[in-house]
Structures are given as structure tokens and as C-alpha cells.
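Keep the viewer open as you read.

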Amino acid sequence: MRAIVRRRPVLWLVCFLAWGVPALAVQGGPKFIAVTFDDLPLNDAGVPASRMRDITERLLATITEAAMPVVGFVNERKLDVIGERLERIAVLAMWLEAGLELGNHTFSHPSLHHTPLVDVQKDVILGERVTNRLLAARGRGRMRFFRHPFLRTGLTLEIKESFERFLAQRRYTIAPVTIENWDWMFNAVYTAALADDDLVVQARVAWEYLRFTEAMFDFHERVSMQLFERQIRHVLLLHANELNAEQMPEVVRLMERRGYEFVSLERALEDSVYELPDRYAGPAGVSWLFRWDYSADRVIDWSAEPAPPAYIQRMYEALSN
Ligand SMILES: [Zn+2]
């Protein structure tokens with residue numbers, strides 16, 4: 001894998017320099033975005049608690065510096081590591097100590113498409129125990145938001161609506177996503193390069209990650225203009241992981257260059273667009289922009305949505321095998 005990269009260091013240096021030139025802000029007017037992080041305490045549950053703490057500290061430093069009112073979505077099963085449980089709970093509490101909000105992402109991250117509805121519902125309830133106690137201990141009530149694992153909302157409308165009724169009964173507001181950037185895939189390749197001490201691959205993955213994030217913003221902002229003739233209040237999905245601990249300052253700059261102000265998820269959801277129907281039932285875990293288009297006139301060419309570079313996909317597949 002590394003040989004592919006080392007053949008072309010000059011090309012990548014040129015690209016890296018090109019990236020350093022500030023991109024021009026796209027479109028005028030106020031733009032708002034709520035930033036959310038999934039899979040807390042950490043995307044990669046195999047990381048030891050001490051490293052988890054270090055990654056979380058770096059992430060939270062950037063989030064605090066940028067004054068982003070983030071919601072982090074928790075999988076409490078990741079706390080259940082013998083000998084590390086209390087330390088992992090303490091890492092989770094760091095998000096609350098930073099003044100941020102925590103939401104439910106289920107206990108064990110099941111797919112609604114491969115798990116019976118009743119079991120997913122039990123998993124939602126199981127995922128409330130520790131986080132709600134942390135919230136209550138700080139006089140902050142209980143979790144308000146729910147994020148579907150894999151953004152999978154049901155293979156049929158019957159399952160989708162039944163699950164939504166269950167969530168409403170437990171007083172959850174569903175946390176939609178309009179933009180995401182496959183950071184989990186880039187992160188897997190990045191952390192492998194980190195373990196190999198391969199600085200060339202690390203630099204290239206970081207560069208590809210930022211370039212791809214920019215491309216995803218370009219595409220989804222265009223979709224927003226096509227569907228609504230304005231920039232809706234977006235919701236960005238990221239994951240708590242090593243790559244973002246390292247690259248979050250650049251991701252923040254990318255959004256600021258594009259003219260975004262950071263708002264809470266609650267404020268983003270005040271945009272009337274979130275009242276539009278979502279009648280999508282199917283296998284894909286997709287952006288709510290796709291769902292609104294699917295539920296209305298279907299005017300967007302979704303085949304034009306950017307995919308991560310083949311280089312990243314190949315390396316990810318090699319790691320997964
Ligand atoms: Zn997740």
C-alpha cells in the first residue's frame with residue numbers, strides 16, 4: 001500500500017501546496033450549521049481509555065475554541081471494558097464538562113435493517129442508563145436527541161413509522177443529517193498509517209480527507225440550492241476519532257471559509273425544512289436532503305454525489321480483509 005504513495009511524493013507536495021491557498025467563500029448570506037459527533041466515547045472502541053482521553057481532549061479543545069454547540073451521540077456498550085469502565089465514563093463526562101450535549105445513538109449500534117424492531121427498541125433503552133445519570137447528576141435532565149445507527153431508518157415505511165412512534169413516546173427528537181464526509185473510512189486508513197509510523201500516508205490521507213470534505217460541502221450546498229433555492233440550516237455528521245482530533249481545526253476553518261456560523265442542533269432544526277416529509281424506506285443510510293428529494297419531485301442526480309477517492313477505498317478494503 002505504501003509503495004503506491006511513495007512513487008509520487010512530488011505530486012502530493014504540489015497538491016498539498018495548492019490546498020494551502022484559501023478557497024473562496026461560496027455564496028453570500030448567512031449560513032448555519034449544527035455539528036454532531038457520533039459513536040462516543042470513541043468511533044474506534046478498541047483504543048485504550050488513556051488514548052481515548054487524549055483524543056477527546058484534542059477534539060474538545062478545537063470545539064471549545066470554535067464555540068461550536070456540539071451534540072455527541074453515545075453508544076454505551078463502548079463503556080463496558082473490564083478495568084476501564086470508570087475511565088471511559090469519565091471520558092464521556094468530558095463532553096458535558098465542556099458544556100456540550102449528549103444524545104442517544106443506541107447501546108450497541110445495531111442496524112435497523114438487520115435487527116428486529118423490538119430488539120432495537122430495547123437497545124435504545126439500554127443505551128440510556130449511564131448518560132442519563134451523568135446528565136441528571138448535573139441537573140441537565142435526560143437525553144433529548146436520537147441518531148439512527150448507520151442513518152438506517154427502516155426498510156419499510158411500517159417499520160420506520162413504528163420506530164418513530166416509539167422514539168416520540170420516549171420523548172426523543174430524531175437528529176437528521178444533511179452533510180457527512182465518510183470520516184470513519186478515512187480514519188481507519190489514517191490510524192493504520194499512524195500505527196505504521198508512516199508520515200507520507202498520514203499526510204496524504206489528511207489531505208484527501210479535507211479535499212473530500214470540501215467536495216461533499218460543494219455537492220450538498222448545490223442540492224440545497226436546487227431543492228430550496230437557499231442554504232438550509234445544515235447538520236453535519238462527524239465521528240469522535242483520531243483523524244478528527246488531528247484535522248478538526250482544518251475542518252473548522254473549511255466551514256468558516258464557506259461562511260458558516262455554528263448553531264445548536266435545536267436551532268438548526270427550527271428551519272422549516274425539517275418539517276418536510278421523509279417517505280424514504282430502503283437500504284441506504286442517506287442524507288435528509290436525499291429523503292426530501294425522494295419524497296417530492298426527485299430532481300437531483302444523486303449519482304453525482306462524490307465518493308471517497310479510490311485510493312482510500314482500496315486501503316480501507318485491504319484493512320477490512
Ligand atoms: Zn454511528
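Helix 5 passes helix 7 in a right-handed crossing. A crossing is called right-handed if the near helix is turned clockwise from the far one by less than a right angle, and left-handed if it is turned anticlockwise. Helices here are DSSP runs of H or I with at least four residues, strands are runs of E with at least two, and both are numbered from the N terminus. This is a predicted model; local features need pLDDT of at least 70, side-chain atom pairs count only at pLDDT 80 or more, and totals for chains, interfaces and linings use all residues. Residues are numbered from 1 along each chain as its sequence is written.

Stay with this first pair. Helix 5 covers residues 117–126 and helix 7 covers residues 157–169; they pack at about 25°, and their axes are 11 Å apart. Axes are lines fitted to C-alpha atoms, for helices over the stretch in contact, and angles run from 0 to 180 degrees between N-to-C directions. That angle makes helix 5 roughly parallel to helix 7. The cut-offs are under 35 degrees for roughly parallel, over 145 for roughly antiparallel, 65 to 115 for roughly perpendicular, and oblique for the rest. Helix 5 brings L117, V120 and Q121 to the contact, and helix 7 brings I159, S162, F163 and F166. Contact means that the C-beta atoms of two residues, placed from the backbone, lie within 7 Å. By class, five of the residues between helix 5 and helix 7 are nonpolar, two are polar and none is charged. Ala, Val, Leu, Ile, Met, Phe, Trp, Tyr, Cys and Pro count as nonpolar; Asp, Glu, Lys and Arg count as charged; the others, Gly among them, are polar.

Now turn to helix 8 (residues 183–195) and helix 13 (residues 310–320). Their axes come within 9 Å and cross at roughly 70°. Helix 8 and helix 13 are therefore roughly perpendicular. The crossing of helix 8 with helix 13 is left-handed. M185, F186, A188, V189 and A192 of helix 8 meet I312, M315, Y316 and L319 of helix 13. This contact between helix 8 and helix 13 has nine nonpolar residues, with no polar and no charged ones.

The crossing of helix 9 and helix 10 is right-handed. From helix 9 come A206, Y209, L210, T213 and E214; from helix 10 come L243, E246, Q247, E250, V251 and L254. The contact of helix 9 with helix 10 divides into six nonpolar, two polar and three charged residues.

Two backbone details deserve a look. D39 lies in strand 1. D39 has a positive phi of about 70°, although it is not a glycine. A cis peptide bond joins L40 and P41, with omega about 10°. P41 sits in the loop between strand 1 (31–40) and helix 3 (49–65).

Finally, zoom out. The chain has 13 helices and eight strands. Its C-alpha atoms fill a box of roughly 55 × 55 × 40 Å along the principal axes. For 321 residues, a compact globule would have a radius of gyration near 20 Å; the chain has 19 Å, which agrees. The radius is taken over C-alpha atoms, and the globule rule is 2.2 Å times the number of residues to the power 0.38.

Confidence comes last. The mean pLDDT of the chain is 92, and 91% of its residues reach 70 or more. Residues 1–26 have pLDDT below 50; beyond near neighbours in sequence, this stretch has 23 contacts in the model. pLDDT is the predictor's confidence in each residue, from 0 to 100.
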